[in-house]
Amino acid sequence: MSSNPHEDKLIHIDAITHQMFSTVLEIGSNESTETQGSELDKKVLHNLSRKLSDIKDSLEIAYVVKDTLLNVPFFTSFLIVEIDSLNKTFGTLLSGGKNVEPVRYKLKGKPGFPLHDEYFDAFLAENEPTEHLLSDFASSPWISKNLNNWKQAGFKKVLICGIRTSKEFNGLLFLFSASEAPSFKPYFRLVQGIAEQISAAFICFRTVEKMKNMECQYEVGVMHRLNAEREKEKTTLIEISNDMSAIRDKNDLLAVLHSRLKKLFHFSHTLTSLTDLKTNTYTGLIFDSESISKKKHPEYQRICDARYSINDPVMTAVFAASDTAVVFDLDELCMNDECPEWVTMNYDCGIREIVVTILNSGSNHIGSFVILSEKKNSFQSKELGLIKGISSTLANALDNILSKEEILEREKEKSVLLSLSQDVALIRNKEDLLKFNKEKLKKIIPISHLLIFKMTNDESRYTPYLLDPDSVCRSHPEYEKITSNPIPISDWVSDKVFLSDSTQVFDLAELTKTTNLPDYLRMNYECGKKQVIYNALSIGHKKTGLLVMFSDLEKGMDKNQLRLTQGISSQLSTAVTNIIANEEIEKQFNEITDYKLQLENMNDYLQEEIQTSYNYSEIIGNSIEMNKIFHMVSQVADSQSSVLILGETGTGKELIARAIHNASPRKDKAMVKVNCATLPVNLIESELFGHERGSFTGATERRIGKFELANNSTLFLDEIGELPLELQVKLLRALQEKEIERVGGKTVIKTNVRIIAATNRDLQKDVKEGAFRADLFFRINIFPITLPSLRDRKEDIPMLATYFLEKYGRKGNKEAMSFSNKVMKELVAYSWPGNVRELEHLVERSVLLTTGTTIKHISLPITNRKEMEEILPDTAIRTIEEVERDHIIMVLRKTNGKISGIGGAAELLKIPPTTLSSKMAKYKIKKSAIV
């Protein structure tokens, strides 16, 4: 409200004048356009009428005419002469042009200069425009004098039209042109229409002056009325201020506004918005429960919760008029393509007018207050002044409410973080972290699943470290591929996250429009995720990884959720870093343990220095064949030549290889063994030559191969005949060049390795069949040693059997055991297709089955019984079932037929009574056989 009562009165007059002005001009425009034949003329006159309806001063007429001339060719300057037709005198002059700013001045002469020139009489008598050369006015002293400036400026021709209505003559319009075109007649009707609308404007101004003079007669009465209204307004503002001082929350604020404002003027409902100047957006904060849009529109909540740009047509106009409340006609506003959705929603529900005012608390901008009405013209100047008056009080109250809510939210946030810190402190491994995510994190932060990346040591890539088992992306066809490969740090998203100390939220739909987007983000967008929340994981200035969370929310998190997420992420960052550190410590501990075991194994490889040429403690035998082997071992041990050990399975090829190594100058380092038959084909190369980190899927660390490990020592390649052909080539190169390259590496590594190979295959036959490379065969077959089978050195069987009996007797706490003569004869008679290994395993089993100190029976394979019967005709060969039946009968006789209980047969046999009963039924053992 203005502090000047007279000014209030003029505002009221101007409002009436504006309405009258628009009506008069509309009538004038209709009259003129009815006489025009051109659509362009209609458009020009319509725009002129619309612009003249908003003017408040006669000089503004000149500005409007100036804009209108842009649509009329030839004419570049104008002169408007105002005439008092009643007194037949001149008034003021208005002049200007397309490139000249309009001015207002008096005629060169006395004010109210009388009309007595014959030319003017001719102009006034004309009913339509007339065109003249400026030189034609030489005989009219005052016209020539006043138009001389245009002539000197280069204008040659003028079009003159009377400014009149059907009842009144108001002046003359002069349009000047530098062109001497044949005729300006095609523009006569347009110029005449312009002149008629200017005439209507003059009439309005004169009417305004009359109304102002009339209003002055009532000034004293108006002053009293305005003062009374101001007092009422002041009282209302004080009452609202007092009510707002007692409010506690947003609901109280809304109740105060309704109870007070509803008594003052009509409206439908209100809306209070909150502005975020960091993002230049605003969103709804306090929603009126009586809103008709809430009851009618199905997407009311989504539209109210959405964020809108402060650069939309509504807020742009409100910010431009920050000192006043702004009224919007929704019929016009909703025609704008950029009209915000919340406005169109209310328009669809019947709202036709809104008034918006800015809410500022001191220097802080908070938001805006909107009052909506289903009727037009609900808000006049008095109501607008009152609305603007309460905006400051409303802003302060809202600021206090938000401050209180902020304090409460911070306290709640501290409480949540304190509670979570105790849970986070208990996280020790990935399983604990996943449990925390499911039971705690997802209940506090609106996320669907999370993903944690671990940074590589060189900080060039990050790899998936922890995958949420509840992720909807697990059904994506590329899930396994995407979550198993490292990701280079070359996308702008991760760069922005690592450069920021705060939580970063991105809209996935917007991200997918950019280039160089990581596949895991594209995958989550394809699975329906809307938002992605990032937090960098670090220790000090060292980057350790990324915490990535995905959400289904359309608009992302609010500032409180973001702040809480930041606090939780800081705690999780420490937890994840500790987990990674613990895993590294555990890994190092395991490596140390493995290395310790490796040293222990290496110590097992080392043997005592050979005292005599044939003293090999692990090799049992004194036959002629074994003495030949011992001699060959002694011959080759001191050399650097490769050795190929041939022989059947179980003949002791590894023992011979160890004996060669232990007798060689390389005995101080452990012999390294590789079984080529037990390794997967895709890992043999890595096992032999090692690999660099990242050389293939799963190669997370650099690995040293067996060649490097056996440097300056011996490498035993067992079952070399099983080596794939493609690996045989690389092995040959390593043997010939004495250098290797790790898988994925670029550096050549020199090695000094002695090769001892072994196989039970016929390599010469494999060479002929193409299963083994000839060049590799000749390279390793420098010194072949063929081990005899056990059947070819039967004189060593008793010695070997006794050795194994003592060995496993000690392990089973059954010392001083021996073989019966019958068993020893059976052992010597057996053909031993499995050689020494078969003998060892058979002796071990016999030790376990024997209850006494003498092994009286040994279970040799039944396939060789006929052979043994021929060798031992005096010995009756019985099956195991026969032996077991006789043994059960013997024990039953000893217990007088007692099966269960203390001292029963089941107890002596150390089997359950039910099992003994089943065996008796199986072997048809009856009491008659026991007695």
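User: What angle do the axes of helix H2 and helix H3 make where they cross, and why are the two called roughly antiparallel?

Analyst: The axes of H2 (residues 39-52) and H3 (residues 59-69) come within 10 Å and cross at roughly 160°; axes here are lines fitted to C-alpha atoms, for helices over the stretch in contact, with angles running from 0 to 180 degrees between N-to-C directions. Angles under 35 degrees count as roughly parallel, over 145 as roughly antiparallel, 65 to 115 as roughly perpendicular and the rest as oblique, so H2 and H3 are roughly antiparallel to each other. This is a predicted model, in which local features need pLDDT of at least 70 and side-chain atom pairs pLDDT 80 or more, while totals for chains, interfaces and linings use all residues. Residues are numbered from 1 along each chain as its sequence is written, and side-chain values use heavy atoms, without hydrogens and water.

User: Which residues of H2 and H3 make the contact?

Analyst: Val-44, Leu-48, Lys-51 and Leu-52 of H2 meet Ile-61, Val-64, Asp-67 and Thr-68 of H3, where contact means heavy atoms within 4.5 Å. Helices (H or I, at least four residues) and strands (E, at least two) are DSSP runs, numbered from the N terminus.

User: What makes Ile-351 count as buried, whereas Lys-542 counts as partly exposed?

Analyst: Buried means under 20% relative accessible area, exposed over 50% and partly exposed in between, with a 1.4 Å probe and protein chains only. Ile-351 has a relative accessible area of 0%, so it is buried, and its place is in the loop between helix H13 (341-348) and strand S11 (353-361). Among the residues that Ile-351 touches are His-269, Leu-330 and Ser-373; the C-alpha atoms of Ile-351 and Ser-373 are separated by 5.5 Å, although these residues are 22 apart along the chain. Lys-542, in strand S18, has 43% relative accessibility and therefore counts as partly exposed. Not counting residues up to four places away in sequence, Lys-542 touches Asn-457, Glu-459 and Leu-537.

User: What makes S15 and S16 the edge strands?

Analyst: The open sheet of 6 strands has the order S15-S14-S13-S18-S17-S16, with antiparallel pairing, and strand S15 (487-488) and strand S16 (504-507) each pair on one side only. Two strands pair if DSSP finds at least two bridges between them; 2 bridges join strand S14 (residues 461-467) to S15, and Arg-461 has Pro-488 as its bridge partner in S15. Helix H17 (residues 492-499) packs on the sheet, its direction making about 155° with that of S16.
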